[in-house]
Amino acid sequence: MKYALEIERLFVSYLGNQVVKDITFSVKKGSLVGIIGPNGAGKSTLMKAALNLISKDKGDIKIFGEPLKKWKKNIAYVPQRSDIDWDFPITVIDVVLLGTYPKLGLFKRPSRSDREWAQECLKTVGMENFSGRQIGELSGGQQQRVFLARALAQKAELFFLDEPFVGIDVASEETIINILRDLKKEGKTILVVHHDLGKAESYFDHLLLLNQHMIHYGASEEVLQPEVITKAYANQFSFLQPKGVNVTS
Amino acid sequence: MNMNMIDFFEALFQYEFLQKALFTSVMVGVICGIVGCFIILRGMSLMGDAISHAVLPGVAISYMLGISFFFGAVITGVLTAIGIGYVSQNSRIKHDMAIGIMFTSMFAVGIVIITLMKSSADLYHILFGNVLAVRMSDMWITVGIGVLVIGLVTLFYKELLVSTFDPTMAQSYGLPNKWIHYALMVVLTMVTVASLQTVGIVLVVAMLITPAATAYLLTNRLSVMIYLSAFFGIIASVFGLYFSFIYNLASGATIVLVSAFMFAMAFFFSPSQGLVWKALKARKNRAELMR
């Protein structure tokens with residue numbers, strides 16, 4: 001069968017330093033994959049390079065066996081919270097509406113049905129009562145849910161989320177992971193940059209463990225073996241502390 | 001005051017130069033207001049300042065060759081934008097440093113050229129504006145630029161919004177961010193050219209930033225912000241021209257001061273962002289806790 005995402009021998013440099021080195025892996029359609037690794041491991045860089053948001057030194061990226069270009073509009077990307085200007089004059093509903101833009105085409109404005117669809121997506125993430133608010137007025141978890149709603153509005157096949165669980169409340173985290181599981185059931189493919197090893201096993205069915213080089217890619221329980229994990233976190237003793245320690249902070 | 005007002009209106013009906021001045025100023029207010037919104041939201045205020053100053057050598061050379069300011073300005077403006085990007089991307093020089101170096105150099109080149117042309121009166125007008133000497137051809141250039149700006153923003157509103165708010169998303173679905181950036185730089189140089197007559201090179205940046213910043217304090221929607229900003233641009237132009245005429249002051253200075261006054265009002269009294277309301281609310285909260 002065709003893979004949803006195939007990455008072959010990917011090398012990426014950031015500010016002159018090579019931070020992603022020789023990564024090869026394939027993701028089956030309908031999987032929920034976590035990308036984990038210590039700080040500076042190149043997790044976000046890998047995700048951005050896979051979307052061609054930053055240039056790569058070398059490597060081949062295929063989406064459903066085809067070049068990335070063909071699938072661009074069918075990939076939803078949720079950026080890190082720190083990448084967004086939260087003072088921007090935009091309301092919650094208008095953020096979600098941005099999700100409809102990729103498939104609208106030039107010169108076309110969102111229609112009434114697009115607006116209704118955006119409102120529906122807001123409902124899915126439990127934010128329907130906030131549609132008129134300016135986005136900076138929301139809590140971190142609410143903001144993340146709005147951006148997930150935007151991704152849903154895009155009706156994409158692939159979802160890329162960069163650190164969606166950083167700095168958010170437990171309820172929002174629960175909502176988001178449940179929605180991701182629903183998407184998986186619908187046959188969507190989801191990649192998540194994540195750094196909380198404690199929940200990695202229950203959240204994802206596959207994990208890509210990374211520390212610039214690829215340490216291991218496979219089923220979650222297989223990757224989360226101490227002897228595998230220590231290879232990536234060799235210098236970070238904090239991992240040895242009990243469950244759910246946030247290794248990168 | 002009332003007498004002044006009547007004088008102003010009488011003069012407005014009587015003198016064609018004043019009508020042209022008013023019409024051009026209002027156009028410039030609108031154009032600067034619209035473009036300014038994108039400049040400030042993209043964090044390019046300093047870039048706006050740089051480009052507006054950097055058109056000087058282009059304007060001078062066009063003047064020398066006897067062609068329209070327009071061509072020279074666009075060429076030097078865009079060259080400066082490219083130069084700034086080139087320097088900051090290919091060395092440890094930061095973006096703001098590159099801006100400081102490039103635009104002052106260009107500005108200096110412009111001053112040298114104009115001085116060599118032995119025409120200090122023209123230099124003064126280019127730097128500070130001379131709205132009462134607006135020629136028919138300048139007015140038409142301004143109208144043309146205005147139509148272009150309004151047309152582009154209307155057609156590409158969606159793309160401008162997403163590439164300004166979340167450039168990463170814009171890029172991920174295939175919008176050419178880099179080209180949008182350079183298109184905006186070209187528009188910026190055109191706006192500068194349009195504003196030469198009314199506010200002059202030195203103060204163009206005030207017309208770009210101040211009305212947009214005022215609108216930014218008053219709304220949570222980009223579309224509303226654009227209308228408000230254009231509106232404040234018009235108010236600044238009309239009242240600025242009025243004060244300039246009545247008190248015989250440089251029009252650039254009076255227009256900028258009116259818009260600065262509006263900004264100050266919004267800064268202190270904006271319903272959502274105003275300092276005064278925030279302070280009063282904080283005080284009330286404290287008082288309630290003391291009870």
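Biologist: In this predicted model, is the crossing in which H3(B) passes H12(B) right-handed or left-handed?
Modeller: The two elements are helix H3, residues 45–54 of chain B, and helix H12, residues 200–216 of chain B. Where H3(B) passes H12(B), the sense of the crossing is right-handed.

Biologist: How are H3(B) and H12(B) oriented to each other, roughly parallel or roughly antiparallel?
Modeller: The axes of H3(B) and H12(B) come within 8 Å and cross at roughly 150°. Because angles over 145 degrees fall in the antiparallel class, the relation of H3(B) to H12(B) is roughly antiparallel.

Biologist: How do the residues of the contact of H3(B) with H12(B) divide by class?
Modeller: From H3(B) come Ser45(B), Gly48(B), Asp49(B), Ser52(B) and His53(B), and these meet Ile201(B), Val204(B), Val205(B), Leu208(B) and Ile209(B) of H12(B). Sorted by class, the residues of this contact come to 5 nonpolar, 4 polar and 1 charged.

Biologist: H12(B) also packs with H14(B); are these two helices roughly parallel or roughly antiparallel?
Modeller: Helix H14 covers residues 251–269 of chain B, and its axis lies 9 Å from that of H12(B), at an angle of about 25°. The crossing of this pair is left-handed. Since an angle under 35 degrees belongs to the parallel class, H12(B) and H14(B) are roughly parallel.

Biologist: How many charged residues has the contact of H12(B) with H14(B)?
Modeller: On the side of H12(B), the residues include Leu203(B), Met207(B), Pro211(B) and Thr214(B), while those from H14(B) include Val256(B), Met262(B), Phe263(B) and Ala266(B). Divided by class, the contact of H12(B) with H14(B) has 10 nonpolar and 5 polar residues, and the number of charged residues is none.

Biologist: Is Met190(B) buried or exposed?
Modeller: Met190(B) has its place in helix H11, residues 177–195 of chain B, and, leaving aside residues up to four places away in sequence, it touches Val74(B) and Ile145(B). The class follows from the count of other C-beta atoms within 10 Å: a residue needs 20 or more, and Met190(B) has 24, so it is buried.

Biologist: How far apart in space are Met190(B) and Leu241(B)?
Modeller: Along the sequence, Met190(B) and Leu241(B) are separated by 51 residues. Taken from C-alpha to C-alpha, their separation in space is 22 Å.

Biologist: What is the radius of gyration of chain B?
Modeller: Chain B is built with 15 helices and 0 strands. For its 291 residues the globule rule gives 19 Å, and the computed value is close to this, so chain B is as compact as a globular protein of that length, with a radius of gyration of 20 Å.

Biologist: What share of the 291 residues in chain B is buried?
Modeller: The C-alpha trace of chain B spans about 75 × 60 × 35 Å along its principal axes. Among its contacts with a separation of 6 or more, 72% are accounted for by residues 24 or more positions apart. The buried share of the 291 residues is 49%.

Biologist: Which helix gives the largest share of the side of chain B that touches chain A?
Modeller: The contact takes 18 residues from chain B and 19 residues from chain A. On the side of chain B, the elements that give two or more residues are H9 (157–165), H10 (167–172) and H13 (222–247). By class, this side has 9 nonpolar, 6 polar and 3 charged residues. The largest share, 4 residues, comes from H10(B).

Biologist: What radius of gyration has chain A?
Modeller: The secondary structure of chain A comprises 9 helices and 10 strands, and 42% of its 249 residues count as buried. A compact globule with 249 residues would have a radius of gyration near 18 Å, and chain A agrees with this, at 18 Å.

Biologist: Lys155(A) and Gln212(A) are not glycines; which values of phi do they have?
Modeller: Lys155(A) is in the loop between helix H5 (140–153) and strand E7 (158–162) of chain A, and with 16 other C-beta atoms within 10 Å it is partly exposed. Gln212(A) is in the loop between strand E9 (206–211) and strand E10 (213–219) of chain A, and it counts as buried because 21 C-beta neighbours lie inside 10 Å. Phi is positive in Lys155(A), at about 50°, and positive in Gln212(A), at about 65°.

Definitions and conventions:
Residues numbered from 1 in each chain as written. Chains lettered and ligands numbered in written order. Predicted model: local features only at pLDDT ≥ 70, side-chain atom pairs only at ≥ 80, totals over all residues. Axes fitted to C-alpha atoms, helices over the stretch in contact; angles between N-to-C directions. Parallel < 35°, antiparallel > 145°, perpendicular 65-115°, else oblique. Left-handed = near helix turned anticlockwise from the far one by under 90°. Contact = placed C-beta atoms within 7 Å. Nonpolar A, V, L, I, M, F, W, Y, C, P; charged D, E, K, R; others polar. Rg over C-alpha atoms; globule rule 2.2 N^0.38 Å. Buried ≥ 20, exposed ≤ 12 C-beta atoms within 10 Å, placed from the backbone.
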